[in-house]
Amino acid sequence: MNIKTKQTYYKLFINGEWVEAQESATFEVVDPATNEVIAHVAKGEEKEATLAVDAAAEAFKTWSKTPARKRANLMWDLYDKVLENEEELAQLITKEAGKPLKQARLEVKNGAEYIRWNAEEARRVYGTTVESTFPSKRLHIKKEAVGPVAAITPWNFPFSMIARKISPAIAAGCTIVLKPAEQTPLSAIKFFEIAAEVGFPKGVMNLVTGTPNAIGDTWLSDKRIRKITFTGSTAVGKMLYKKAADQMKRVSMELGGHAPVIVFDDCDLDAAVKQIAGSKFNNCGQACISPNRIYVQESIIDEFTEKLEKMVARLKVGHGLNDNSDVGPLINASGLEKVKSHVNDAVEKGATVVTGGEPFAENGCENGFFYMPTILKDVNETMKIANEETFGPVAPILSFTSDEEVIEKANDTDYGLAAYIFTTNLSRSHKVSEALEYGMVGVNDTLLAQVEGAFGGVKESGIGSEGGPETLRDFLESKFISTTI
Ligand code: NAD
């Protein structure tokens, strides 16, 4: 797929066909590293959103009855084809989202793994037979696909988020209508091109790019859509959840986070610093599980800061297509403004800039939305950065003395997605990870997006999880059948 001009813009994929939006309306996609328009994409609205539901509802009648083995076989083909197209998908992710190519390649591999895992799980959906109190009755609990599903995804992992939503849905026998983020529709379009080649029946997967609220509201008010699966900000998630309540639609919500990292003085410090730096600056800090508050035990805070500074000094900022870039741009001007405002607010309230602390505008990065990898020390809880998602390459360091104190501070947020602890004390690792009010805890580990795990948050970070042994649970209903014989 080449980046195309307005004359050959990308279309919507509805009922197995590539179709235009009404009046050939389009919107622009911008490379955040250069601020140049790189593509024009069809701008769907209510009408296109409804056509997609028509297709998904019709296809559901047969797809939900298709044997799981057959659904899984198609998904295996999809997995293979995604990997065949890894490089093209990765380049598209880099162009639209700005992330370094090496990270984009990992994202494609990770997304593919979700397709494979869900294909494997498609055949492991079991019902239950329960003994009745009454000898004349036979009781069965059967699992059935929820129905046509609407999926809405964010820009920060534009490919893997789509793979994580589509693959459990179709594995369970649901059909899907999907709206990717307006900043990053290109890898989604490529995904649908690949799916079309694989030969899924028409209407099983439908793609509508375009105006978010017009598409979202149409899907939420259409009774044929039985579930919404959303990844994005908590603010938008709450709004969608309220609208879904009107028709009791099922919901899965993967929302924002504010991840605490707790570095105890008994940890392997070099390993901890390496992992924290890797996680913090991955995707320029634009990840829901990115470390947001790094609590370091007072006795090792200077040593920790020095080691982290050395690690950060090695990071190269640049266009993601440059082989040696480690940190790309923020997604857009408002993303950059948010980072600047959080750093300025922290400095005004007493934080010290250890390194960075400014936008980056050299070596071809003059027009993009780049910010220097930054470390702040002397951070405290009065600062915005200690409470709101910064979504940028800034590592804020806070100090603590006791386990009780840091657990209380770490939990003092409405978010509950990911938390991390670094310690070599087995008892402490159990006690602290159990006391943390988070859906995921990494112990000496920041790699949480593993397909075998259950990725999801508690509190205002979401409902449900993706991956792991319960991956299809949220796309299935239990039907109880009681028979008198
Ligand atoms: P966002 O909430 O602004 O947008 C997410 C999606 O919702 C986009 O497709 C957008 O077009 C759509 N949207 C926005 N307003 C809408 C409306 N009124 N109706 C229907 N759809 C609407 O989030 P974002 O900026 O794209 O992504 C960043 C956020 O996503 C962060 O908060 C991050 O933490 C979160 N996130 C969470 C996870 C997770 O697994 N928990 C993963 C990635 C990102």
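## Ligand contacts

In this predicted model, a nitrogen atom of the ligand lies 2.7 Å from a backbone N or O atom of L255. The protein buries 89% of the 850 Å² that the ligand exposes when taken alone.

A polar side-chain atom of W155 is placed 2.9 Å from an oxygen atom of the ligand. For E254, an N or O atom of the side chain lies 3.5 Å from an oxygen atom of the ligand.

## Shell around the ligand

The ligand is surrounded by 29 residues, of which T153, E182, S233, L255 and E389 are the closest. By class, the shell consists of 16 nonpolar, 8 polar and 5 charged residues.

Several secondary-structure elements contribute to this shell. At least two of its residues come from each of α5 (160-172), α7 (212-221), β10 (227-231) and α8 (234-245).

## The seven-stranded sheet

The model also contains an open sheet of 7 strands with mixed pairing, in the order β14-β15-β16-β13-β12-β17-β18. Its edge strands, β14 (352-355) and β18 (440-443), each pair on one side only. On average, neighbouring strands of the sheet are turned by 25° against each other, direction ignored.

Helix α10 (residues 301-313) lies across β12 (259-263), β13 (291-297), β14, β15 and β16 (394-400). Relative to β16, helix α10 runs at about 170°.

Note on methods:
Residues numbered from 1 in each chain as written. Predicted model: local features only at pLDDT ≥ 70, side-chain atom pairs only at ≥ 80, totals over all residues. Heavy atoms only, no water. Pairing = 2+ DSSP bridges. Helix = DSSP H or I, 4+ residues; strand = E, 2+ residues; numbered from the N terminus. Axes fitted to C-alpha atoms, helices over the stretch in contact; angles between N-to-C directions. Contact = heavy atoms within 4.5 Å. Near = heavy atom within 4 Å. Polar contact = N/O pair within 3.5 Å; in protein donor to acceptor, adjacent residues only side chain to side chain. Areas by Shrake-Rupley, 256 points an atom, 1.4 Å probe, with all protein chains shown as cover. Nonpolar A, V, L, I, M, F, W, Y, C, P; charged D, E, K, R; others polar.
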